[in-house]
Amino acid sequence: MKKFLSISIIMILIIGMLGGVVNAASASISASSKSVYKGKDVTVTVSLGDKVGAVQFKLNYDTSKLKFKSKSTPTASYSEATKKYSYASSVDDLTSISFTFEALTTGQTSISISNVETAKDGQKKTPIPIGNSTTSITISEQPATTNPPTSTTKPNTSNTNKKPTTTKKPTTTTAEEPKETIEPTPNELIKLDNENAKTLKYEEISVMIKYMPNAFEDGVILKVENIDSEHEKYQTINEILKEINGNKRYFDINLLKDNEKIQPNGYVTVYIKVPQEYNKEKLELYYINEENSSYELIQGEIQEDYYTFTTNHFSTYALVDKTEEAEVGGNEPTQEISAMDTVRDVFTNAILLYVIIVILIIVIIVQRVKISRQQD
């Protein structure tokens, strides 16, 4: 009887552990648009993954680029000084919160969330994992509108008998013609065999870009720096990516015209040659924002020996081989839990639970047989 009671307690604990994994939610952040004109509004949404009665977290963003205007929860508290958000209600549960910002200056910026804690039904707040913790926004100037030319009045030619008197033509100042608006190049990956695309190469580090002719003017050069352990920016970037496991290589990629950094008109495709020791099937690429110490996963694909991706903003990028579990630079393992990881853990724990249950049933049956034989 004691053995059966112990076995039952063990099964209850295991089921409770499994339930904790299944109920794990993940917070994430997203923007209503990846690009916005200066002076216009953009909406950012924080999703909590489940209904909660209370939540608090911190928003991280550049106040020189974005100005907070409003939030979707009037009763919640939010401090622009500390950027901390807090909500608690016994009536209405939340699954997401929206924030409206005004775009102040041109350039690329990002918004991230941190220190997320939630609670249900008045329970104590507990930290929850963050899925997509950062979203990026590109702020650009709104194209100028041009007025149509005014029509000119025809001269009076009704009196044809009189000789026309010669008059001096008035001096007229011609207005400058508006500059032609060049459409930005779309966000499409350019293939290696695209004959219409142009190419810039940086042979020393085996990085190149392919672009359409309207992406930028002639005279632009590509400059790439390999940020290794001797580089002054290495420690800073390595600290930003401390949560990412794997072997990493950092690249500072820039376009220069007359020794000044420029950005393309729209999107171009970047090609980074994959090191021979890297596993092409386990690669990830991250954009690194040094201004607010954040990063963003960039989607790409393999073309021959290159990892390729599109961008409209050049900066620092990290190519990561996820094959190795140990992280370069001795960083701690990541605490971020993705949805796929959660599903995988659920299945793994479910299988383990079934195996344990089968073993326990066999043990119980064997024990009962022994007892029965002893009684006989």
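Is lysine 198 buried, partly exposed or exposed, and at what relative accessibility? I found that lysine 198 counts as partly exposed, at 36% relative accessibility. I took buried as under 20% relative accessible area, exposed as over 50%, and partly exposed as in between, with a 1.4 Å probe and protein chains only.

**Basis.** I worked from a predicted model, in which local features need pLDDT of at least 70, side-chain atom pairs count only at pLDDT 80 or more, and totals for chains, interfaces and linings use all residues. I numbered residues from 1 along each chain as its sequence is written, and side-chain values use heavy atoms, with hydrogens and water left out.

**Salt bridges.** I counted a salt bridge where a side-chain nitrogen of Lys or Arg is within 4 Å of a carboxyl oxygen of Asp or Glu.

I looked up the partner of lysine 198 and found aspartate 218, with the closest N and O atoms 3.8 Å apart. Aspartate 218 is in the loop between strand 13 (207–211) and strand 14 (221–227), lysine 198 is in strand 12 (residues 198–202), and the two are 20 residues apart. I took strands (E, at least two residues) as DSSP runs, numbered from the N terminus. Aspartate 218 counts as exposed, at 61% relative accessibility.

I next examined lysine 69, which forms a salt bridge with aspartate 41 at 3.0 Å between the closest N and O atoms. Lysine 69 belongs to strand 5 and aspartate 41 to strand 3 (residues 41–52), so this pair ties together parts 28 residues apart in sequence. I noted lysine 69 as partly exposed, with a relative accessible area of 45%, and aspartate 41 as partly exposed at 40%.

I then turned to glutamate 277, whose salt bridge with arginine 249 has its closest N and O atoms 2.9 Å apart. Glutamate 277 lies in the loop between strand 17 (268–273) and strand 18 (283–289), and arginine 249 in strand 15 (residues 247–257), so parts 28 residues apart in sequence are tied together. Glutamate 277 is exposed, with a relative accessible area of 53%, whereas arginine 249 counts as partly exposed at 34%. I also recorded one network, in which salt bridges that share partners join Lys233, Asp252 and Glu290.

**Aspartate 62.** I located aspartate 62 in the loop between strand 4 (54–60) and strand 5 (66–71). Aspartate 62 is buried yet has no salt bridge, and the nearest side chain of opposite charge, lysine 65, is 5.8 Å away. For charge, I counted Lys and Arg as positive and Asp and Glu as negative, leaving out His and the chain ends. Leaving aside neighbours within four places in sequence, I found aspartate 62 in contact (heavy atoms within 4.5 Å) with Thr109, Ser110 and Glu291.

**Tyrosine 87.** I placed tyrosine 87 in strand 7 (residues 84–88). Tyrosine 87 is buried, with a relative accessible area of 6%. Beyond its neighbours within four places in sequence, its contacts include Gly53, Val55, Thr73, Asp92 and Leu94. I also noted that tyrosine 87 and isoleucine 97 are ten residues apart in sequence and 10.0 Å apart in space, C-alpha to C-alpha.

Methods. Helices (H or I, at least four residues) and strands (E, at least two) are DSSP runs, numbered from the N terminus.
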